[in-house]
Amino acid sequence: MPLFFVALAPSRADIVSVLSSARWHVAMRNTAAVCLCSTVLSVAVGYAYAYAVERGDIFCGRFFSVVPVAHLVTPPFVGGLAFILLFGRQGFVTHVLLGLDVSLYGFWGLLLAQTLCFFPIAYLICAQTLRGIGANVEQAARGMGAGGARIFWSVTLPLSLPGILGAFLFIAVSVLSDFGNPMIVGGRFRVLAVEIYTQLTGWLNAGTSAVLGLVLVVPSVGLFVLQDRMLRANAARTATIGGKPSATPRRKTRLAVRVCLTAFCALISLAIVAQLAAIAAGAFQKLWGVNTSLTLNHVRALARYLHEVRNSLAFALVSALLSTLIASLAAYLTHRTSLPLRRSLDVLAQLPSAIPGSLLGLAIALAANRLHFRASSVLIVIAMTVGFLPFSYRIMSAAYAQVRTTLDDGARSLGASPLRVFGTVLLPLAAGGLFSSFVYSFVRGVGTLSAVIFLVSFRTPLASVRILNLAEQGDWGKSAALALLLTLVTFAVLGIGRLIIGRFTRRTGGR
């Protein structure tokens, strides 16, 4: 329904203006270029990192396996803010270490920031794919005389293609929707996600903003369709490859290869740790890059933004609960019942992933304006819940797939209703999926920008928007302090959640 209002917003003149203007052609080309380059580089780094952790026998492998996950649960805007603190005109690396008066604002800075932001997603997907490739397949190739390099190019990499393509499509949609990094790092490098916001808020041109949003949704929908087909093809292919797990031990990787892969993981991990360190250091320096004296003024100033922090945490909590609950029920109806409209429900639950965040926020704002609905807190929760629903749905679908359907049949044979089976069998056994869905939605909700920036009001300010405003004003200290606070909160929630799920697992005997 909100997208319907977006389609009604532009006039014919707006459509002609966007399609004929050289400015918007440049923005479209920029969006396509940065999407393609960032996606390719993110997937390449993520796959190489996953291969090193899963196959490379690298040193300190457990530590390197944790780093991308820790980076994934930090608020999304932290990477862009840290990038400026490290590589901006007064950045620690560019100005302090190298003594350069340069800035990486623009395409190259955005490419690097987005690669570090999105490669953990590729790592998780590719690592799961690599774990599913049995050692006996590679051992058979080795028995036929193939060397390590040939085994990788002719066996491991081809069998990894479903995961690589799935990661490519998933990250491509995420890059198209990315708002925080282009807004902070992009500078004058215009992309559609930022222009949608600028046209509405800066120029009050809702028609042009709507047309740009509709232009952005075309590649997103195309990627969504490809992604859906890939997921189904991957499931079918996995079913043909899978079978009885093999206990064949893997051959140890050569020392030279181990050293190279370890160095690669160390370099990527250093970049991630440096980002977090920059945020922490920036919160306690008087003026970043100019006066490095320690101060607590930025931390004390956080008292002014407690309202924003409370709103961010409250909205993220409510939306995480709602998206997890809706996803749990939708996944149950789709995969564990004989509902006639299962296929339609499956598509609807994943469809929001094809809608860029900027367009979703714009659509909800236009719909609320047409309906004279002014409760911005409700609109923010709706935007978050809808935006995170596809990810929660996939997590819960995967969690249910690990529970044998015979347990459902056994409960029904004892007289349990479908609702009771859902509440007493599936949900307890899928507690890990529930936890993952909630944590992912909560963390993304705390730091979300693209959709909610259209919906905030004077009464419902958000910490993520405040951080963006402070960064645009050059107040890096307060911006870093507020980002550090949100990062610590997300890690605390993750730790508490893991503690709770651990106790629950022990109480249920690990089943």
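Which residues in α22 are buried? Ala-463, Ser-464, Val-465, Ile-467, Leu-468, Leu-470 and Ala-471 are buried in this helix, where buried means under 20% relative accessible area, exposed over 50% and partly exposed in between (1.4 Å probe, protein chains only). Because 7 of the 10 residues of α22 are buried, the helix is largely enclosed by the rest of the structure. The model is predicted, so local features need pLDDT of at least 70 and side-chain atom pairs pLDDT 80 or more, while totals for chains, interfaces and linings use all residues. Residues are numbered from 1 along each chain as its sequence is written, and side-chain values use heavy atoms, with hydrogens and water left out.

Helix α22 (residues 463-472) and helix α15 (residues 306-335) have axes that come within 8 Å and cross at roughly 135°. Helices are DSSP runs (H or I, at least four residues), numbered from the N terminus. Axes are lines fitted to C-alpha atoms over the stretch in contact, and angles run from 0 to 180 degrees between N-to-C directions. The two helices are therefore oblique to each other; angles under 35 degrees count as roughly parallel, over 145 as roughly antiparallel, 65 to 115 as roughly perpendicular and the rest as oblique. Glu-308, Val-309 and Ser-312 of α15 make the contact with Ala-463, Ser-464 and Arg-466 of α22, contact meaning heavy atoms within 4.5 Å.

After α22 comes Gly-474, which has a positive phi, near 80°. Elsewhere, Ala-375 lies in the loop between α17 (357-370) and α18 (376-401). With 28% relative accessibility, Ala-375 counts as partly exposed. The C-alpha atoms of Ala-375 and Ser-457 are separated by 9.3 Å, and the two residues are 82 residues apart along the chain.
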